[in-house]
There are 2 protein chains.
Amino acid sequence: MGDYLVSKFPTNIFTIIQDDLEAVEKALCSIIQSPVDLVNDITVHLVQAGGKRLRPALYLLCARGGSPNTTEILPMAVAIELIHMATLVHDDVIDNAATRRGRPTANARWGNHSSVLAGDYLWAKAFSLLTDNTDNKMLKILTNVICTMCEGEIVQLKEAFNPDQDEADYRLRVAQKTAGFIAASCELGAIAGGMDEGDAVQVREYGYSIGMAFQITDDILDITASAEQLGKPVGNDLRQGIVTLPVIYALKNSPRGGELRSIIEKQFMSDDDVKRGLEIIHQTKAVEYSYAQVNKYLQHARRVLPATLNNPVREALLAVADFVGLRKY
Amino acid sequence: MGDYLVSKFPTNIFTIIQDDLEAVEKALCSIIQSPVDLVNDITVHLVQAGGKRLRPALYLLCARGGSPNTTEILPMAVAIELIHMATLVHDDVIDNAATRRGRPTANARWGNHSSVLAGDYLWAKAFSLLTDNTDNKMLKILTNVICTMCEGEIVQLKEAFNPDQDEADYRLRVAQKTAGFIAASCELGAIAGGMDEGDAVQVREYGYSIGMAFQITDDILDITASAEQLGKPVGNDLRQGIVTLPVIYALKNSPRGGELRSIIEKQFMSDDDVKRGLEIIHQTKAVEYSYAQVNKYLQHARRVLPATLNNPVREALLAVADFVGLRKY
């Protein structure tokens, strides 16, 4: 669910929800206050690590596409980011990640154990926030998508170092672990903004396509960007045995596919193995092919936006789609 | 939050809620079904690992102390157990525990990473269950107590291997990590059963006292019971540097207190260190003193039960108090 790169989102995309986003930031800082110092240290670290708050931003934009009541829409925006933060901190434990967005991860600073608990704390805070004034339909969408995210992550762990995964497996996994939550953020915004059911479905579809494009781009950048650009080591996914779209393409189409397969099956890759693996992928059209898939999703995202959206919101959602396709780091 | 021992609860205590408990078991088995096999394997393992469902049982008993609507009270009972299971599976990751209740832990069988995710999955399932028909006040009680549990666990991690903890630190930590959730289970039952506010506060106090007594007993048994009785190694807490009541007593009162202190401060204890540590504790009146504290809490639990409770429920709650004081394994 990694989106360390999202901090590079041009802020002008979100001008029309600037006040909302500032209110979210303020609420995030206040809700994570704990009487226990160590809990504060971890959660403040997580909030300060930043990111451009893509999920709450999409939620807020979609809500502004209708005619929401401001005070009612904020708690869900904050809860969405808290849930995202909880998944990130648990993800970093799971991946044994040392850095995220160029900063030490919570697990690197405070250990896996505190990080597991800090994630649990964020889950509870998120739901605590929603108990006051959220309708059951919205809570159901949120809890269902969290279950699906966990399932997606578990599948990813289970299928690590397994080169026998095809594109359909990959797309399902990405849908579960990333696109579903972004889709739900958009759908929840649509509901909060009072859109009719048909429009909410289309907005959800937009979010799903953005999420797919976003994750595929992440998976491409793992192979093409520099460590400085990524804020984490290059080839990190490959080293962890996560079989991404470029890897699947290369396994199928490279004359050195067998070599790549045996690198993956080794499970413990040396730096040289990772380097060779990346080289094999780069010798194919894997990156080109993957970007083509990104563009297909983004095309679909642009097309599926409902006609009833007001113009500033439509422009912002289109700009998000443009940016996801452009980012090269 | 360990209650591997609770499976030894005499079932006749819970006769009056037998049907409720069976419905809870059935609902547990059905709600954890996932389309992902590995998720199922883990969650089914967790449900089958059993336990006598102390928290939902207390919730149900307290609910039956009033006049609840049966279909309305069940989801919260199931959610309480799901949340407890989530904390157990994350606890076992945190403690690197190999066995619980004499069976391999989820982390031992499926690895830490899947276990973290399985715990998250259970959180989400619990809240998913409550979105349909739970009032906000009850959700608030539940989410607050989960935050407090996480804080208590983080404090326990932070203070591990620190011999400079006194009884007040210990009591606060136990209140946060164990007694608060049992208190909340009882309070939620009282609310579900429509008790008046004064009675609900008293029932909560009963739960709190039972929880304190329960955890102190657990901490005593870590020192006195056999590995076979515990279903996990003896001196496990000591080895992890968890400074429990008997340890605090021995640190203060044993002529070999300095030796015990240096064993704890070593952080990595050999089997011989653990053996010596236990021996030092046994040479004092630590166990006797700790049981005296258990009995004080149980006395208070018995006394604080509201006069308005119907007799079968009162008898059952008193029997729970008796059992917590009697169990020697």
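Predicted model: local features only at pLDDT ≥ 70, side-chain atom pairs only at ≥ 80, totals over all residues.
Residues are numbered from 1 along each chain as its sequence is written, and chains are lettered from A and ligands numbered from 1 in the order in which they are written. Local features need pLDDT of at least 70, side-chain atom pairs count only at pLDDT 80 or more, totals for chains, interfaces and linings use all residues, and side-chain values use heavy atoms, with hydrogens and water left out.

The size of an interface is often given as the accessible area lost when the parts come together. Between chain A and chain B, the buried area (the accessible area, with a 1.4 Å probe, that two parts lose on being put together, summed over both) is about 3,600 Å². Carbon and sulfur atoms give 73% of this area. Within chain A, A:Leu117, A:Thr131 and A:Ile154 lose the most area to chain B, together 18% of what that side buries. In terms of contact (heavy atoms within 4.5 Å), 37 residues of chain A meet 37 residues of chain B.

On the side of chain A that touches chain B, helices H2 (37–48), H4 (70–94), H5 (106–130) and H6 (136–158) each supply at least two residues. Helices here are DSSP runs (H or I, at least four residues) numbered from the N terminus. The largest share, 14 residues, comes from H6(A).

Helix H15 of chain A (residues 311–326) has 16 residues and reaches 22 Å from its first C-alpha to its last. This is close to the 22 Å expected at 1.5 Å a residue, the expected span being 1.5 Å times one less than the number of residues. Its buried residues (under 20% relative accessible area; exposed is over 50%, partly exposed in between, with a 1.4 Å probe and protein chains only) include A:Val313, A:Leu317 and A:Phe323. Among what covers the buried residues of H15(A) are helices H3 (54–64), H8 (197–224) and H14 (286–304) of chain A. At the N-terminal end, A:Asn310 caps H15(A), with a side-chain oxygen 3.1 Å from the backbone nitrogen of A:Val313.

Over all chains, the structure holds 30 salt bridges. One of them joins A:Glu187 to A:Arg204, with the closest N and O atoms 2.6 Å apart. A:Glu187 lies in helix H7 (residues 167–192) and A:Arg204 in helix H8 of chain A, so the pair ties together parts that are 17 residues apart in sequence. A:Glu187 is buried at 14% relative accessible area, whereas A:Arg204 is partly exposed at 32%. A:Arg276 and A:Asp273 also form a salt bridge (2.9 Å, N to O), and both belong to a network of salt bridges that includes A:Arg256 and A:Glu279.

In chain B, B:Gly241 lies in the loop between helices H10 (236–239) and H11 (245–253). B:Gly241 is buried, with a relative accessible area of 2%.

How values were computed: Polar contact = N/O pair within 3.5 Å; in protein donor to acceptor, adjacent residues only side chain to side chain. Salt bridge = Lys/Arg side-chain N within 4 Å of Asp/Glu carboxyl O.
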